Amino acid sequence: MRQPVIPTLLSILFFLLFSKHLLAGPTPADTAASAPYRTAVHKLAKAIAYQTVSAVDNERFRFEEFESLHAYLEEAFPQLHQQLKKEVINGYSLLYTWPGTRPELKPILLSAHLDVVPVEAGSRAEWEAHPYEGTVKDGYIWGRGSMDDKYRVVAIMEAVELLLEQGFQPERTVYLAFGHDEEVGGYAGAARISEHLATQGIALEAVYDEGLAVADGVVPGLEEPLALVGTAAKGNINLKLTVHGEGGHSSVPPLETPIQILSVALSRLHENPFEARMIPTTREMVAALADKLGGKYKFAMRHYGLFKGRILKMLAEDQATDALIRTKMVPTVMEAGDKYNVLPRVATAILNVRILNGDSQQDVLRHVQRVVNDDRVQIEIHGVYTPPSPVTSTDTWTYRALQKTIGETFPGVMVVPALFPGATDSKHYTNLTSNIFRFAPQVVNRENAQLIHNVNERLSLEVFDKCISFYEALIRNTCTGNGGVQVVQDKVNLLPIGVTGE
């Protein structure tokens with residue numbers, strides 16, 4: 001059974017999945033934000049001016065920039081700071097509490113982060129606008145953090161500010177959690193926020209964090225846009241492989257050197273990948289797309305048990321889609337020797353492993369040890385292990401509320417769950433809820449997917465406008481009984497999307 005379209009469309013989708021937050025749409029001509037949000041553009045521009053660059057080494061952290069940003073946000077959002085409780089967690093992360101009128105309902109948490117990645121010194125000349133000035137021109141807001149992730153911090157706060165001005169009061173408590181070190185793992189920021197909430201015995205109804213986006217015009221045979229919601233995320237672990245030898249002069253080498261032994265081990269790992277399997281999230285995504293494409297694609301997925309082997313084999317043939325169906329490992333760093341004519345006494349390699357949901361660090365270690373099968377190769381965990389996320393169910397009112405919000409913000413869009421290959425701060429909240437959704441309210445295409453963490457990072461004003469509208473709607477749809485998802489004693493009656501309750 002040949003299926004030439006699915007590998008192509010999934011390759012394109014996976015290309016989009018690797019971009020954590022992506023830019024939207026074609027370039028607008030000097031588009032101005034709608035009137036209610038015009039001031040928010042300048043708030044984001046000012047927030048970009050604070051160089052809140054995170055770093056693994058605390059000595060390189062510019063903590064004073066975070067403190068200055070905190071002070072500015074208090075000035076920019078007066079209603080929020082008057083009516084919400086503000087807590088500074090671990091010195092530089094922010095947690096706001098908006099109490100609901102029904103304390104028996106579990107809260108929701110909106111997550112974003114204050115920190116940004118650095119701008120490479122050698123790239124400064126390539127920027128069309130200064131990366132830390134928040135320039136507004138050509139219909140865009142330019143600068144580091146405009147796409148990742150200050151735009152969401154400001155959009156969420158602006159949405160809350162507008163709701164407060166309208167006199168809105170949520171029935172369900174809302175937390176706004178803004179970590180300060182997401183780009184380096186979130187262990188000093190979101191992890192500490194999570195600990196802080198846990199010590200108070202707080203269980204969350206759902207977490208809505210950054211993640212995937214709306215993909216428009218990228219799937220052959222499918223005209224409507226797709227909203228890709230990350231309902232699962234891969235884990236991550238680094239393994240260090242080390243081989244010791246006797247050293248000596250290169251003119252009289254032994255039969256096997258540390259480099260050769262290590263090379264054989266890496267070759268074996270390359271030739272013996274992890275077993276392919278389709279996790280529920282990927283199966284749900286492929287089934288939804290196949291259903292839209294119709295014909296043999298729909299038939300194959302409806303009879304997945306019969307065609308499982310052929311489907312997995314087909315997906316494994318493509319580099320991008322293969323990563324959706326198995327734990328992937330690749331050497332990223334190698335070190336050995338420092339002089340041409342001296343045999344190295346030690347050779348090392350770092351193996352980066354992206355762990356598919358359902359596998360664990362023990363599974364990874366067992367697989368690597370079994371495949372290498374050489375006692376001369378020492379294998380150990382290197383750095384921090386991030387386990388794969390639990391798979392979030394889509395058969396919940398919290399997912400339905402997100403669907404409804406996406407539909408209101410992006411009319412006509414099809415909502416599809418997907419595997420998120422990266423990691424965000426949301427990984428630190430899995431102890432507080434099983435409902436974690438990774439979605440950024442942007443529209444993406446292949447041409448504009450390269451600006452994240454790159455030169456000329458910029459966000460269109462139209463996208464920013466929609467982002468604020470999205471969070472306004474999301475708060476209403478998750479925190480009131482008349483937003484289309486009726487909440488009664490933390491249970492719900494799911495209504496059709498677009499149909500509001502009484």
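The charged end of Lys427 sits over the ring of Tyr187, 5.7 Å from its centre, where sitting over a ring requires NZ of Lys or CZ of Arg within 6 Å of the ring centre and within 35 degrees of the ring normal. This is a predicted model, in which local features need pLDDT of at least 70 and side-chain atom pairs count only at pLDDT 80 or more, while totals for chains, interfaces and linings use all residues. Residues are numbered from 1 along each chain as its sequence is written, and side-chain values use heavy atoms, with hydrogens and water left out.

**Rings and charges**

- The charged end of Lys137 is likewise placed over a ring, that of Trp142, at 5.1 Å from its centre.
- Rings of Phe, Tyr and Trp (its six-membered ring) pair if their centres lie within 6.5 Å, with planes under 30 degrees apart counted as stacked, over 60 as edge-to-face and the rest as tilted; by this rule there are 12 aromatic pairs.
- The rings of Phe299 and Phe307 have planes at 65° and centres 5.8 Å apart, so this pair is edge-to-face.
- Phe299 is partly exposed, with a relative accessible area of 43%, whereas Phe307 is buried at 12% (buried means under 20% relative accessible area, exposed over 50%, partly exposed in between, with a 1.4 Å probe and protein chains only).
- Phe470 and Tyr471 are also edge-to-face, because their ring planes stand at 85° with the centres 4.9 Å apart, and both residues are buried.
- One aromatic cluster is formed by Phe61, Phe63, Phe66 and Tyr92.

**The three-stranded sheet**

- Helices (H or I, at least four residues) and strands (E, at least two) are DSSP runs numbered from the N terminus, and two strands pair if DSSP finds at least two bridges between them.
- Three strands make an open sheet in the order S4-S5-S17, with antiparallel pairing.
- Strand S4 (136-137) and strand S17 (458-460) are at the edges with a single partner strand each, so one side of each has no neighbour in the sheet.
- Strand S5 (residues 140-142) pairs with S17 over three bridges, and Ile141 stands opposite Leu459 in S17.

**The four-stranded sheet**

- A further open sheet has four strands in the order S11-S13-S9-S14, paired in the antiparallel sense.
- Strand S11 (328-336) and strand S14 (377-381) are its edge strands, each pairing on one side only.
- Strand S9 (residues 235-244) and strand S13 (residues 346-355) run antiparallel and are joined by 10 bridges, with Ala349 in S13 as the bridge partner of Leu241.
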